[in-house]
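The stops below are given in the order in which to select them.

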Amino acid sequence: MIDTSPATTKQYLLDEIARLTEELKPRAALRLPVDEPMDEHDMSVRILEQSRLEAVVEQRQKLLQQMHVAYGRLAAGSYGICEDCEQPILAERLEALPWATLCVTCQSRREQGNGRRWR
Ligand SMILES: [Zn+2]
């Protein structure tokens with residue numbers, strides 16, 4: 001059983017925010033060096049690798065953003081309440097995703113709308 005008390009969650013989010021911020025800091029280091037001449041095959045391999053790295057960075061930035069939001073909500077006393085329907089988010093969901101700000105229903109509704117229009 002994971003401890004989901006506010007103090008523990010707060011510490012968890014702070015730790016994760018610090019860790020992700022640290023990971024994202026040397027963004028330049030994630031870029032591949034392009035100082036040597038390359039043939040077309042090398043080039044396409046590198047382009048693929050580069051876009052993979054960018055996807056990872058983007059995903060982490062999103063996660064970091066979500067953690068900041070969750071942390072803000074924790075401070076504001078609205079942590080664990082769904083942003084959309086204002087119902088409590090299930091404890092099991094918060095254990096798995098402490099930065100969740102939407103209940104399962106609202107999350108899947110947003111995902112179905114491709115994150116653009118969900119209402
Ligand atoms: Zn909801």
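Predicted model: local features only at pLDDT ≥ 70, side-chain atom pairs only at ≥ 80, totals over all residues.

The site is tetrahedral, with angles of 105 to 115° among the 4 donor atoms. For orientation, ideal angles for four tetrahedral donors are 109.5 degrees.

Next, select the protein donors: the SG atoms of Cys-82, Cys-85, Cys-103 and Cys-106. They lie 2.2 to 2.4 Å from the zinc ion. Along the sequence, the spacing of these donor residues reads C-x2-C-x17-C-x2-C.

Cys-85 sits in the loop between helix H2 (40-76) and helix H3 (91-96), while Cys-106 belongs to helix H4 (residues 104-112). The pair therefore ties together parts that are 21 residues apart in sequence.

Now colour by accessible area. Are these two cysteines buried or exposed? Cys-85 is partly exposed, at a relative accessible area of 32%. Cys-106 has a relative accessible area of 2%, so it counts as buried, the cut-off being under 20%.

Move on to the largest nonpolar core, which has 18 residues. Select Leu-13, Met-67 and Cys-82, the members that touch the most others in this core. Cys-82 is also one of the zinc donors. Two elements give two or more residues to the core: helix H1 (6-24) and H2. The most come from H2, with 5 residues.

Finish on Leu-13. Which residues does Leu-13 touch, not counting those up to four places away in sequence? The contacts to display are Met-67, Ala-70, Tyr-71, Leu-74, Pro-98 and Trp-99.

Note on methods
Residues numbered from 1 in each chain as written. Heavy atoms only, no water. Donors = N, O, S within 2.8 Å, 3.2 Å for Na, K, Ca; no water. Tetrahedral: all angles 85-135°; square planar, octahedral: opposite > 155°, others 65-115°. Helix = DSSP H or I, 4+ residues; strand = E, 2+ residues; numbered from the N terminus. Buried < 20%, exposed > 50% of the residue type's maximum accessible area, 1.4 Å probe, protein only. Core = buried A, V, L, I, M, F, W, Y, C linked by side-chain atoms within 4.5 Å. Contact = heavy atoms within 4.5 Å.
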